[in-house]
Amino acid sequence: MPLSELFFVFIFLPAAIILYRLTPDRLRNALLLLLSLFFIAWGSLSDVILIALCIAFNYFTALELDHLRRSDSRILKKLVLFSGIAVNAGMLIFFKYFVFLINNVCAVIGTEFSFTVPKVPVGISFFTFSAISCLCDVAKGDENAVRNPLDFALYIAFFAKITSGPIVKFRDMARQLNDRAMTAELTESGMKLFIIGLSKKVIMAGCLGFLFDGIKAQDPASLSVAGAWTGALAYSLMLYYDFSGYSDMAIGLGKIFGFSFAKNFDHPYSSVSMTDFWRRWHISLGAWFRDYVYIPLGGSRVGRARNIFNLSVVWLLTGLWHGANWTFVVWGIYHLLLLLLEKFVLKGLLDRIPSLLRAAMTFLLAVIGWTVFFSDNIAYAGSYLLRMIGIGGSGLADRTGLFYLNGGVFLLVCAIIGATSLPSAALGKLDRLMERRIDKRAAAQLMQPVTALLLALLMLGCTAFMISDTVSSFLYAQF
Amino acid sequence: MKTVLYGLFRWLAVATAIAFLFLTGAGNVARNADPQKVFESVCLSADMTNLQPASNQMIKRLYDINPADYEFCMLYYPKTNMDVDELLLVKFTDRSQEEALRNAAQSRLNGQKKAFEGYGAEQMGLLGSHSLTESRSGFFLFAVNPNDAEIRSAFVKALEEESSCR
Amino acid sequence: MKDNHQSKKTLLWTTCMFLCIVICFDIVSLIIPDRQFSETENRMLAGPPEITGEGLIDGGFGEDTAKYLSDQFAYRDTWASMSFFVRHTIFHQNEMNGVYIGSDGYLMLIPSEYDPDALRQKLDAVNLVAKKYIHVNQCISVIPNAAAIMRNKLPEYARKSGQIQKIREINDSLHGIKTCDVSGTFRQHRDEELYYHTDHIWTTYGAYLAFREIAPMLHIDPDSFSYTIQRVSESFDGTLASKSGCHQYKDVIEIYAPKKETPVSVHYSEIDGMKGTIYESSFLSTKDQYAVFLGGNHPMVTIRTTAGTDRTLLLIKDSYANCFVQFLLPYFDQIILIDPRYCFDTVDMIITQNDVTDLLYLYNADTFMTDTSLTDFLTFSSSQDEE
């Protein structure tokens, strides 16, 4: 079930919170695991079976790697690690890419082959990566394998993060499985984050979705510059609110149950360069690729040619990870080229440009990248991009473009401001102002119920949107 | 030895997963079920109170397809014009026929929805939540019926039984 | 030095607030009995999900439960209007689910895309019927929709429908049949209440204006009879209100009762028995108040009058004609209304069986251009039945 669904927010979550607080400490992981399996089964029973088998495979593989590492059998350990990664990757490739591969091979050879792939288990792109992270960390010796199968199962299947991440590395969660502090601060902080994330996804992404859907429904050949840019902007902001909102919800949920996960988004649209952007957008994915692909390949501690090769592998895979379509590959290559440009060509030049301008440029480049991302195929992407620079299409502005731009301008401006660090900076200023006027302790005491009240209003807004939206699909859930 | 044990359990998990996937119907499925038998089991599970058999003329009129083009093509349509119950089963031979059937069923559904939109809430309820389109093993099924879930199960089951007999 | 007296006691304000809100609404939703039908949304609401083996395995049960919870949630309509407020009033979204939210409370259906080939087939069919039954006085009037006439009430930069141009083209491609284009008159009167604010249908006043334009085609003098205007409702909440979620306006429904007594006998094809009036006032207390005219949509309606004119009119229509028929009563002995969307008969059957003298197609442009059942009704002949 999606985290932003009425059933989850109004029934599953309160039940989980209450049950968790009532359960004695030593049984808490078992409870969370039970809830997680129920959560997965709610969507599909076959998912539970497949995920359980994946957990079993990785559990025993990790134990074996642990054993082999201690007994110092290097070659056997490498073999087991390789086979473990291969099975996890194989599972991901089978469910997600098999049809894509077959269609492309057939297109080249010239035959037709129909194959029905079973339903893709929920969160497969995320939990297979979590599993690989575990195997690598154990093989390397950074962590010990988890002896308790229930704890390990919880690491893979935890309902907070299984649907759509963040991709929590094994080394970041292993110790928390058995040793985590349940404080009021953490719970409160988690609840606040959850509600804010829910609002981002359900309200902001929901409203932005209308603008994007309207433009997407047009024939790209007839878009105007205004229309194309409105659609691209709407999508870029919608994707941010949708995905960062969902991540906030996941991380917030983690906190409510005592887990501290690192943030997945850090105001990416305030970035001043593409390198900076990828340290702020989908942080857990970038970190995973860095730690488990880039660095093992040699990272940047190698000659320039090899460095470029390493980066290319990472970015091709990053693109492909997002979906089985050539558009994602092109998108990955686009970002690769920009990063290479920044790293090897523009090095010092960028620092001389004022940061506001750099931020605007980076944002623009990201928006252009997203147009390829949301296109169904390369032809559409090309057509759309041409319209954005005014070639073909219906000129500078047509009725349709203006209809959406005129109606959506306030929403877009709010969305852009909300995506930057301005709101949190403003809140910080307000906090300090209050501290100066009133005693610090009193201020803190006052802020809590006031915040709760404001969040209550947000909750009511979210409920309204959750009820009135018939279809609300999380974009990254298809991954 | 620990390694052997761990290894055994690992590959057992993989084997179970592959077996499970096969059982739940991945891959190519045979295409030689007896259409009459399939249609009979489908009709048995459907709620036939509002349905009557259609002539070829009516099939042409409602779906714009020619029944003569297909090996098997049967339609049950509403007894009165204010009902929306429908049951269509066609056996097709290639992808273009499947595509044509899909479009025809979609048009029919959309047309019905438009005809009753804003006016017939019960009909819209059936059209919205109790319609089903299923294409499998060379058979195309389109149904609007209160028993749509049972119809689908019967359809899938009939095809599996028929295929396994060959 | 920073004062570190930060309150050690962080009370669980937010968590408690969340649990309170959530549990409160859960309990209220449980207590309030389930509704079968939502008047505001004009659709059936989901009931408790069935527990089937299949549903539990493939997640169908989960989906059905989600729908059930959402449909039966306490104060669903209030939540929906809250969401409408945020989307429309705060974020200026002027289009909801295919409906333009216009000014002065006007809701207008966004003109649909139509298939030019299907339209040509339809016009060919109409021409063929015109040629086939020369002795029948055949007329057609395609009525423009609100979005085409009241352009000043549309949201800024709303799509141009091009309907008026299209209607002219349609009229030009018809032969052997009289056409009547009311667009000009409607344009002139566009600041009057020609269409309902909350529904896509014209008001009775709009129908009356059109009647005066169409009357000459049917060889009738519209001034022969006068009417008393009666208000039968001030709370009509039409289909566009449900479709868009905007329930801020309540429409007025009027009937134009002829001052001279015109006894009628009305027969609806799918209901036994006859009625003595074309008005079904029982519908005024239901959601679909427009059904006060003829009790809503039927495949075929036969009205017999004491007009004494020896004329039988075949009126091929969509729902626009329901409030138009009241003007025709004094002029025809028999009026047969056919709605091809619900009718499995054919035009040949009707004409031959009923000694039809006049034929009028009365459609709103949107339905005329997109509906496919009219072509079927006109072209399929029952005598061609093969096995």
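Predicted model: local features only at pLDDT ≥ 70, side-chain atom pairs only at ≥ 80, totals over all residues.
I'm calling a residue buried under 20% relative accessible area, exposed over 50%, and partly exposed in between.

**Entry 1**

I found A149(B) in helix α6 of chain B, which runs over residues 148–165. I then checked its distance to A46(B), 103 residues away along the chain, and got 9.3 Å between the C-alpha atoms.

Next I looked at S45(B), which belongs to helix α2 (residues 35–45) of chain B. Is S45(B) buried or exposed? S45(B) has 16% relative accessibility, so it goes down as buried. I listed what it touches beyond four places in sequence: N147(B), E150(B), I151(B) and A154(B). Its side chain also comes to 2.8 Å from the backbone oxygen of V42(B).

**Entry 2: helix α6 of chain A**

I moved to α6(A), residues 149–157, and saw that it is mostly covered, with seven of its nine residues buried. D151(A) is among the buried ones, and so are F152(A) and Y155(A). What lies over them? I noted α2, α3, α5 (124–140), α7 (159–162) and α8 (170–178) of chain A as part of the cover. At the start of the helix, a side-chain oxygen of N148(A) gets to within 2.9 Å of the backbone nitrogen of L150(A).

**Entry 3: nonpolar cores**

I looked up the largest nonpolar core and found 229 residues in it; F8(A), W202(C), I303(C), F324(C) and L328(C) touch the most other members. Helix α10 (residues 225–256) of chain A supplies the largest share, 15 residues. I followed up F324(C): leaving aside neighbours within four places in sequence, its contacts include W202(C), F211(C), I214(C) and L362(C). There is also a second, separate core of 32 residues, with I167(C) and F377(C) among its members.

**Entry 4: where chains A and C meet**

I counted 55 residues of chain A in contact with 52 of chain C. The area buried between the two chains is about 4800 Å², and carbon and sulfur atoms give 70% of it. On the chain A side, R399(A), F403(A) and I467(A) lose the most area to chain C, together 14% of what that side buries. How many salt bridges are there between chain A and chain C? I found zero, but seven residue pairs are in polar contact. Of the elements on the chain A side, α19(A) gives the most, with 16 residues. By type, I sorted that side into 35 nonpolar, 11 polar and nine charged residues.

**Entry 5: salt bridges**

My search of the whole structure gave 45 salt bridges over all chains. One pairs E98(B) with R102(B), with 3.3 Å between the closest N and O atoms. Both sit in helix α4 (residues 95–116) of chain B, four residues apart, about one turn of the helix. I noted E98(B) as buried because its relative accessible area is 18%, while R102(B), at 35%, is partly exposed.

D71(C) and R76(C) form a salt bridge at 3.8 Å, and both residues are buried. R231(C) and E234(C) meet at 2.8 Å, N to O, and both of these are exposed. Last, I noted a network of salt bridges in chain A that links D137(A), K140(A), D142(A), K169(A), R171(A), R290(A) and D291(A).

Note on methods
Residues numbered from 1 in each chain as written. Chains lettered and ligands numbered in written order. Heavy atoms only, no water. Core = buried A, V, L, I, M, F, W, Y, C linked by side-chain atoms within 4.5 Å. Buried < 20%, exposed > 50% of the residue type's maximum accessible area, 1.4 Å probe, protein only. Helix = DSSP H or I, 4+ residues; strand = E, 2+ residues; numbered from the N terminus. Contact = heavy atoms within 4.5 Å. Buried area = accessible area lost by both parts, 1.4 Å probe. Salt bridge = Lys/Arg side-chain N within 4 Å of Asp/Glu carboxyl O. Polar contact = N/O pair within 3.5 Å; in protein donor to acceptor, adjacent residues only side chain to side chain. Nonpolar A, V, L, I, M, F, W, Y, C, P; charged D, E, K, R; others polar.
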